[in-house]
Structure formats: structure tokens, C-alpha cells
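Dear colleague,

Please find the structure handed over below, followed by a short account of what was found in it.

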Amino acid sequence: MEETYLLNVEGVKKKILHGGRGELPKLQDGSKITFHFQTLKDDFERTVIDDSREAGIPMEIIVGKMFKLEIWETLLSSMRAGEVAEFWCDTIHTGMYALVSRGMRRIAEGRDPLEGQKHRCGMGNMFDYHSTGYDDLDELQRTPQPLIFIMELFRVEEPSAYKRDTWAMSKEEKLAAVPVLHSEGNRLVLRKEFGLAAVKYQEAVICLRNLQAKEKPWEDGWLKLESLVTPLVLNYCQCQLELGEYYEVLEHTTELLQKHNDNAKAYFKRAKAHAAVWNEREAREDFLRVAHLDPSMAAAVKKELKQLGERMRKKHVEDQKRYQGLFQPPQG
């Protein structure tokens, strides 16, 4: 089929390889586009750089969420569902491809796409951009060049037609989602579906942590969000206690107490986790701290300490029986 300039966009040519069906999709902010893609060099061999089919799952992007390779939204907006098309894109549109590809490859490998850029200074991150960790992408980074994209469009979904991932939500959407997730988690706890409830609480925490990342620590905006995070983390830890995930509880309560060392409920849940994994000294210290911080919990603490003492005595007797035979001389 004859190549033509696409929508009067400079430096882009399109060739339809397989016709699609229906009308052109109407894209809006928040629309989700699902497609497969293959990236090739514009050389004699048409060297393949990336192929989403090798990862086994299609690519998804959300319109309006600042995907680094902006030209892809333009290309996909010209396609119908089921269409397969080949696009030639000049260097003015492909300069960011190496960084985009690095992120996609790391996700496919099960790694963090931002690995190496967290908690680093600006100079460190700038240096990281000079090496992607992949030789072929480093070459593209040094010498940007025209690329060929072969795309197969599967579907375009409106924002209301699918469950949006947390990262794709706006600030207002995240804030609105938190009380809904909190309520759903509470409902699942009443039904003793602790695993599902934990997922709801965790998702709500992620929403708030994403918003916190844009605030200055310990200032008013950050503190307001933190006041919403704390009860969700405690609810999550209670679910993990019910599920027997005691080390998960130890990790999250300890992290919480590093910021809020007067939270009696966090000490109480951590104490129960310590007791469950036979950390007697740590459990007693935490239970006593609870009684000191919140005298209204003294009765609950007394009950837990009594149970802890009984369990430790029973364990001591069992250990004696188990190991006493090791020190007896053999018979006969």
C-alpha cells in the first residue's frame, strides 16, 4: 500500500499492513490503549530492537499520562481496532526511545523500571541516563536514528470502562478512591476474608503514598496524608496477623513506629507478631510500652502477657523433652 504522511505530522509515514474494523477510536485523557508493537532499525536488515510478543502480554498506555514517547499516541490514534500498521518515524520523534525501552524491558524482566534512580542525587541520575544497561539501547542513546514501529491495535477503552491502576489516577481520583477502598476492606474483614481485605488496604496506602511523594515531609500536606495512612497500615497489619504473616507485620509496624513512636496500637500488633515467632523479650517490651502509652489497654496487655507466659513455659517443657535424649548414653 502506498506510504503517505500521517495526519500531516512531519517525519512520520504510515503503511497499513492489515485493515481494521469500525471507526477511528475517540481518544480522551484516561483512555487505555492495548496493542502489540515491534521496533526495528531503519537499516537493510530491519534489525529488531524490541517485540512485545516476546514478553507474552500486550503493551498498555494511558492517554494523557505523559508517556515519554509522545508520538505513539499519535500513531495509535490513526488506527482502527484490529488494524496492523507500519510507521516510519524520523529522529525528531525517536530521541527518547532508548529510555522508554529500558523501562519496558525492566518491567518485562520483573524489575523496577526506576531501579538505580531512587534516593540518588541529580548528578547520579544524570549519569544513569548515559548508560541504559543494554548495549543496543546505549547505541541508540548515543546516536539517535529513525525507527520503524509495527503496531497491532487491539482495543481502546474509555476511562469508565476499566479499573484504573493507581499510577494512572489523578490526585482527585486517588483521594476519592481511598475511603472507598477503606470501606471495602472493612467489609471484607467482617466476612473474615482477610487476604482480600489486605489488598484493599494496601491499595489505599499506595494511593496516599504516591500523593505524599509530592509533598515536603512533615509539612501540613504531608502530615494530613500521613494521618490517613496510619489507620490503613494498622488495618493491613491486623489482616496479616490473622493470616499468620508475622514477619510482614514486624516490618510494617516497625516502619510505622520509626515515624510515630507513641502509637500504642502499632506496638500492640508488633508485640503480638513477636510473640507468635517466639521473640519473648521483644514481645514483653512492646506490651509494656502499650500499657504505658494507653492505660485503657492495660487489661488487654495483661491477658496477652499471661498467654505469652503460658506459651513460653509450654515451649520450654517441650524443648526439654525433645533434646534430653541427645545427652543420654546409648543403651547396650
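Arg270 is found in helix H11, which covers residues 264-276; helices (H or I, at least four residues) and strands (E, at least two) are DSSP runs, numbered from the N terminus. This is a predicted model, in which local features need pLDDT of at least 70 and side-chain atom pairs count only at pLDDT 80 or more, while totals for chains, interfaces and linings use all residues. Residues are numbered from 1 along each chain as its sequence is written, and side-chain values use heavy atoms, with hydrogens and water left out.

Arg270 has a relative accessible area of 16% and is therefore buried (buried means under 20% relative accessible area, exposed over 50%, partly exposed in between, with a 1.4 Å probe and protein chains only). Apart from neighbours within four places in sequence, Arg270 is in contact (heavy atoms within 4.5 Å) with Leu250, Thr253, Thr254, Leu257 and Asp286.

In E3, residues 32-41, nine of the 10 residues are buried. Two strands pair if DSSP finds at least two bridges between them. E3 pairs with E7 (residues 147-157) in the antiparallel sense over 10 bridges, and here Thr39 stands opposite Phe149. With E5 (residues 59-62), E3 forms an antiparallel pairing over four bridges, where Phe35 lies opposite Met59. E4 (residues 48-51) also runs antiparallel to E3, joined by three bridges, and Leu40 stands opposite Val48. The hairpin of E3 and E4 has six residues between the strands, and in this hairpin Arg46 takes a positive phi near 50°.

With kind regards
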